[in-house]
Amino acid sequence: MERDVQSLLDRLQSAEIVTDYISGRSREDLATDLQLQDAIIRRLSRIGEAAKRVSEPNRG
């Protein structure tokens, strides 16, 4: 259960960080800023990895 909680918190934290990254940014910023793209992709990857760690009964 603790592992599930930690994985869910990791997903939430990464989503909040992505929100911070894109706050005040335009689509053009995303299209032209490779560093921003990499940062967002890395966080989305972390969300996916954390989702895999959640036990089957707690996936929804």
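In this predicted model, Arg46 is partly exposed, with a relative accessible area of 29%, and its side chain meets that of Asp10 in a salt bridge with an N to O distance of 3.1 Å. Because Arg46 belongs to helix H3 and Asp10 to helix H1 (residues 2–22), the pair ties together parts that are 36 residues apart in sequence. Asp10, at 8% relative accessibility, counts as buried, since the limit for that class is under 20%.

A search of the whole structure finds four salt bridges. Another of these joins the side chains of Asp33 and Arg25, at 3.3 Å from N to O; here Asp33 is partly exposed, with a relative accessible area of 23%, and Arg25 likewise counts as partly exposed, at 40%. Lys52 forms a salt bridge with Glu49, in which the closest N and O atoms are 3.4 Å apart. These two residues, Lys52 and Glu49, are three residues apart in helix H3 and are therefore separated by about one helical turn. Lys52 is exposed, at 57% relative accessible area, whereas Glu49 is partly exposed, at 41%. Salt bridges that share partners also join Asp10, Arg46 and Arg53 into one network.

Arg43 also lies in helix H3, which spans residues 34–53, and this residue is buried, with a relative accessible area of 18%. When residues up to four places away in sequence are not counted, Arg43 touches Ser14, Ile17, Val18 and Tyr21. With Ser14, the side chain of Arg43 makes a side-chain polar contact of 3.2 Å. The C-alpha atoms of Arg43 and Glu16, which are 27 residues apart along the chain, are separated by 9.7 Å.

Terms used. Residues are numbered from 1 along each chain as its sequence is written. This is a predicted model: local features need pLDDT of at least 70, side-chain atom pairs count only at pLDDT 80 or more; totals for chains, interfaces and linings use all residues. Side-chain values use heavy atoms; hydrogens and water are left out. Helices (H or I, at least four residues) and strands (E, at least two) are DSSP runs, numbered from the N terminus. Buried means under 20% relative accessible area, exposed over 50%, partly exposed in between (1.4 Å probe, protein chains only). Contact means heavy atoms within 4.5 Å. A polar contact is a pair of N or O atoms within 3.5 Å; within protein, one must be able to donate a hydrogen and the other to accept it, and residues adjacent in sequence count only if both atoms are side-chain atoms.
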